[in-house]
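Colleague: I would like to learn how to read a few backbone and packing features. Could you take me through them one by one?

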Amino acid sequence: MATVSEISVRAGRRSELALMGMAWVIIVLARALVDYNAAYLELDAIAFYGLGAAVLMIAAHFVLDRVAPNADPVMLPAVFTLNGVGIAEIHRIDLAEGTGFATAQITWAALGVATMIAVLLLLRDHRKLRRYTYTAGVVGLILYMLPLVPGLGITINGARIWISALGYSMQPGEFAKIALVVFFAGYLVTNRDTLALAGPKFLGLRFPRPRDMGPLLLVWAAAMLIMVYERDLGASLLFFGIFLGMLYVATQRLSWVLTGMGLFAVGGTMAALTIPHVRSRFDAWLHALDADTYSSGTSEQLVRGLFGMASGGLFGTGLGEGRPDLVPYAESDFIIASLGEELGLTGLMAILTLYLIIVQRAFRASIGVRDGFGKLLASGLGFAMAIQVFIVVGGVTRVIPLTGLTAPFLAYGGSSLLANWIVIALLLRVSDMARRPSEEVA
Amino acid sequence: MNEPVRRLSIVVLTLVLMLMMSASFIQVINASDLNQDPRNVRTLYRQYGNFRGPFVVDGESIVWSAPVDDPYNYQRTYADGALYAPATGFYSIVYGRTALEQTENELLNGTADSLFWTRLGNLFAGEQQQGASIELTLKASMQRVATEQLGDQRGAVVALDPRTGQILAMVTSPSYDPALLAGHDTAEVNANYQELLNREDGPLINRAIAGDTYPPGSTFKLIDAAAALEAGYDADTELYAPQELDLPGTSRTIGNYGGAACSSNDSMTLADALRISCNTAFADLGMDLQWSVVQRKAEDFGWTDGITVPLTVTKSRLPENPNEAQTAMSALGQYDVRATPLQMAMVAAGIANDGVLMKPYLVDTVRASDLTVVDVTSPEIYKEAMTRSDANTLTEMMVGVVDNGTGTAARINGVEVAGKTGTAETGQDTSPHAWFVSFAPADDPVVALAVIVENGGSVGDEATGGAVAAPIAKAVMEEAIRLEREGDL
């Protein structure tokens with residue numbers, strides 16, 4: 001932790017404001033295009049929408065200026081853009097299907113921004129979180145297991161990763177993700193020296209000592225439980241991937257990663273062979289276009305998404321001019337396919353680039369910040385987002401089997417949106433510390 | 001801990017690049033395959049979303065797209081669907097397209113190259129892409145007469161304008177209503193299709209051009225006669241016409257219809273042999289001429305040639321290297337000789353038009369949505385089937401068939417009709433097919449046609465071409481002549 005690189009940067013609040021302006025134009029234009037192409041343009045509604053977006057963006061900017069003046073200036077505009085494009089597309093699907101998802105999503109986005117502001121106001125130093133390492137661990141595990149409670153958990157689209165109570169439903173895994181990153185960061189920063197100790201050498205790699213394998217096996221077992229009982233490969237992969245990534249950052253030992261990946265591969269294969277739901281997802285992935293797989297409905301959803309994306313081609317049909325409503329879950333699990341159809345490959349590339357920017361900014365905060373906990377927290381949260389994007393987009397584009405995770409900030413879903421705005425609050429908090437001019441550092 | 005974070009960021013970059021690659025694969029490289037996948041309803045919706053052009057017969061739309069309030073925007077609507085089904089085919093969201101709905105698809109949906117300027121105009125005017133309308137050569141009244149005449153018998157009628165090659169009537173019986181398959185309720189369309197498919201009388205088959213080909217029977221004697229005329233015979237050349245003819249190399253013999261003798265002295269002229277359809281005379285003539293000569297003449301009329309009108313017409317077949325006995329049978333339109341009704345109509349048309357066979361066609365004019373003409377089919381010579389004088393000789397011989405031969409049922413008051421009957425054996429246990437091939441008026445033909453009634457139709461075993469098929473041909477020819485007089489042809 002002694003490796004501190006001197007980074008001198010301008011605070012960048014003014015650049016942020018300029019970028020926010022650009023994001024605002026994209027957000028409002030996207031919504032206006034949807035209305036113009038798929039229904040009719042009501043200037044009043046657009047003006048009201050634009051005003052709301054501006055209020056949220058200026059509020060976020062103002063708070064950041066006060067409580068985290070050195071925070072990363074690029075992250076927030078990128079997140080707002082993603083959130084706005086997502087809302088525009090959800091609104092577009094509402095128009096096609098007569099649903100009302102967009103209104104809810106706008107409410108959740110506003111709540112998300114408010115939550116981010118609250119976290120920034122309440123948490124003035126991310127290092128305070130280290131005190132709650134084990135609390136976070138327990139909370140994270142409970143949240144992950146919550147859908148398994150009879151009467152509380154519900155199965156949607158084959159995976160049991162939702163809970164429902166009092167008429168509201170949520171995906172606790174989204175919040176568990178944050179709690180677990182906090183836990184891993186606290187745990188690993190304390191135990192990294194032990195875990196990094198050299199063990200037996202095999203195939204030119206030095207492996208960890210068997211007696212230190214306990215935590216890895218424990219996390220692996222938890223991941224397997226999630227896969228078996230919640231029947232969701234995505235949540236399991238995300239959970240385990242976060243741990244492996246952070247373990248690597250903490251120990252710098254590739255052997256840990258390889259051991260972990262080997263374990264997961266074994267578990268995943270077993271699950272694919274024995275759990276019908278997981279196996280059908282594998283079938284759908286490997287034989288998506290086969291007549292049998294398609295007509296039995298196994299891969300129909302996935303293939304419909306592919307059809308949508310293919311019809312979008314290089315430049316897309318244009319917002320409001322495609323038929324994203326032909327794909328099931330077009331507003332949530334398949335919003336990437338919807339956007340791919342209407343914005344084309346070009347738009348999809350832009351969206352992926354925005355994610356890449358957010359993740360790279362998180363990594364940059366991790367490198368810049370001086371405390372080990374902060375490094376692990378920022379890189380862990382950043383990596384979590386990267387894996388989630390990979391799992392979601394990879395599922396839709398047939399890189400990996402399809403799972404029940406949703407694209408951060410784009411997909412419809414309150415839990416996902418709130419949780420990811422909290423992630424952004426934490427990342428901004430760490431980046432503020434990382435970018436603070438050195439004389440101010442206590 | 002900075003170094004592993006940097007490495008991790010490279011991992012993330014790699015992951016995102018993988019996503020970008022797979023997205024490029026789906027959206028660009030593999031896109032056209034996915035877009036053309038028959039399971040991709042998107043393509044269908046897009047087609048239905050545009051106004052699809054109508055089919056027009058005699059200036060009236062017989063098929064059009066009516067606006068409806070469902071995801072497809074338009075419902076393909078068929079007026080008198082069964083009447084035109086053999087030409088138009090169907091346009092189904094489940095089973096795709098057939099016949100002209102398929103061959104003219106790009107014009108109908110407006111994506112054809114020839115409609116480029118129309119599309120550009122629509123684009124600037126902010127209008128939706130519009131398909132072209134297709135005007136057919138069919139005549140509604142002839143279609144109707146032919147359908148009524150066939151009634152519930154299985155068979156087909158094809159009538160051509162011998163001067164141009166326009167297909168004036170193309171009827172197959174039984175037919176079906178394409179509206180049954182054009183609905184947007186998939187389950188209902190499925191059920192209807194299965195029902196049509198399972199029907200034993202095959203309503204989905206276009207017997208006129210694309211069903212099982214039929215043995216032409218005695219109508220093939222027209223080809224023998226044409227070959228003979230070219231080989232130097234004339235109408236009065238005497239042929240050997242015994243009551244029974246031995247089939248060389250076999251113990252079997254060929255006889256005439258009902259076992260009758262053709263003449264008292266075992267000899268008769270070519271014209272008389274055709275008039276009474278003497279089997280032994282033509283079997284012997286076929287062997288005398290050699291099969292290759294007959295075959296060449298058949299090919300001059302388009303046999304074994306694949307044509308499109310623009311519907312694909314099944315090739316009519318001829319035997320390969322038949323021996324003498326087989327040649328004798330082939331000369332009578334049996335053995336391995338097979339023809340579509342269209343092919344037989346083309347034989348009539350070629351003779352009618354002084355030996356010049358015009359290329360048959362169904363699509364007359366294509367008009368863009370603003371009614372400007374995009375394309376007009378101009379008549380095209382398809383084959384020089386025979387010389388003018390040979391054609392005139394054969395025409396006179398065919399007039400004899402209708403005047404006082406086997407085809408008297410096709411006589412029309414005040415009009416000279418040229419024709420030829422056919423009664424094609426189909427096997428031991430099945431009734432023969434009844435054929436009639438004719439054109440009228442003989443001196444200045446306006447219509448040439450072929451009629452087939454499968455397995456003798458309602459008459460069954462006792463059927464002959466003269467009794468069953470000739471009256472149908474007569475009615476259709478009368479209608480054509482009426483249209484010609486009124487200037488509608």
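Modeller: We will go through peptide bonds, phi angles, a helix pair and a sheet. Keep in mind that this is a predicted model.

Colleague: Start with the peptide bonds. Which residues does a cis peptide bond join in the loop regions of chain B?

Modeller: The general idea first. Most peptide bonds are trans. Here, B:Ser173 and B:Pro174 are joined by a cis bond, with omega about 0°. B:Pro174 sits in the loop between β8 (167-173) and α9 (179-182) of chain B. Another cis bond runs from B:Val309 to B:Pro310, with omega near 0°. Look for B:Pro310 in the loop between α14 (291-300) and α15 (324-331) of chain B.

Colleague: Now phi. What is the phi of A:Tyr329?

Modeller: Most residues other than glycine have a negative phi. A:Tyr329 has a positive phi, near 55°. Its place is the loop between α12 (300-312) and α13 (335-368) of chain A. A:Phe409 also has a positive phi, near 70°. That residue is in the loop between α14 (372-396) and α15 (414-435) of chain A.

Colleague: Is A:Phe409 buried or exposed?

Modeller: Count the C-beta neighbours; 20 or more within 10 Å means buried. A:Phe409 has 29 inside 10 Å, so it counts as buried. A:Tyr329 has 19 other C-beta atoms within 10 Å, so it is partly exposed.

Colleague: Next, the helix pair. At what angle do α13(A) and α14(A) cross?

Modeller: Compare the axis directions; angles over 145 degrees count as roughly antiparallel. The axes of α13(A) and α14(A) cross at roughly 165° and come within 8 Å. The two helices are therefore roughly antiparallel. Their crossing is left-handed. By class, the contact has 17 nonpolar, three polar and one charged residues. Among the residues that meet are A:Leu352, A:Tyr355 and A:Phe363 in α13(A), and A:Lys375, A:Met385 and A:Val389 in α14(A).

Colleague: Last, the sheet. In what order do the six strands of the open sheet in chain B run?

Modeller: The order is β3-β2-β1-β6-β14-β15 in chain B, with mixed pairing. β3 (74-78) and β15 (373-376) stand at the edges; each has a single partner strand, so one side of each lacks a neighbour in the sheet. On average, neighbouring strands are turned by 25° against each other, direction ignored.

Colleague: How many bridges link β6 and β14 of chain B?

Modeller: Four, in the antiparallel sense, between residues 133-136 of β6 and 363-367 of β14 in chain B.

Methods. Residues numbered from 1 in each chain as written. Chains lettered and ligands numbered in written order. Predicted model: local features only at pLDDT ≥ 70, side-chain atom pairs only at ≥ 80, totals over all residues. Buried ≥ 20, exposed ≤ 12 C-beta atoms within 10 Å, placed from the backbone. Axes fitted to C-alpha atoms, helices over the stretch in contact; angles between N-to-C directions. Parallel < 35°, antiparallel > 145°, perpendicular 65-115°, else oblique. Left-handed = near helix turned anticlockwise from the far one by under 90°. Contact = placed C-beta atoms within 7 Å. Nonpolar A, V, L, I, M, F, W, Y, C, P; charged D, E, K, R; others polar. Pairing = 2+ DSSP bridges.
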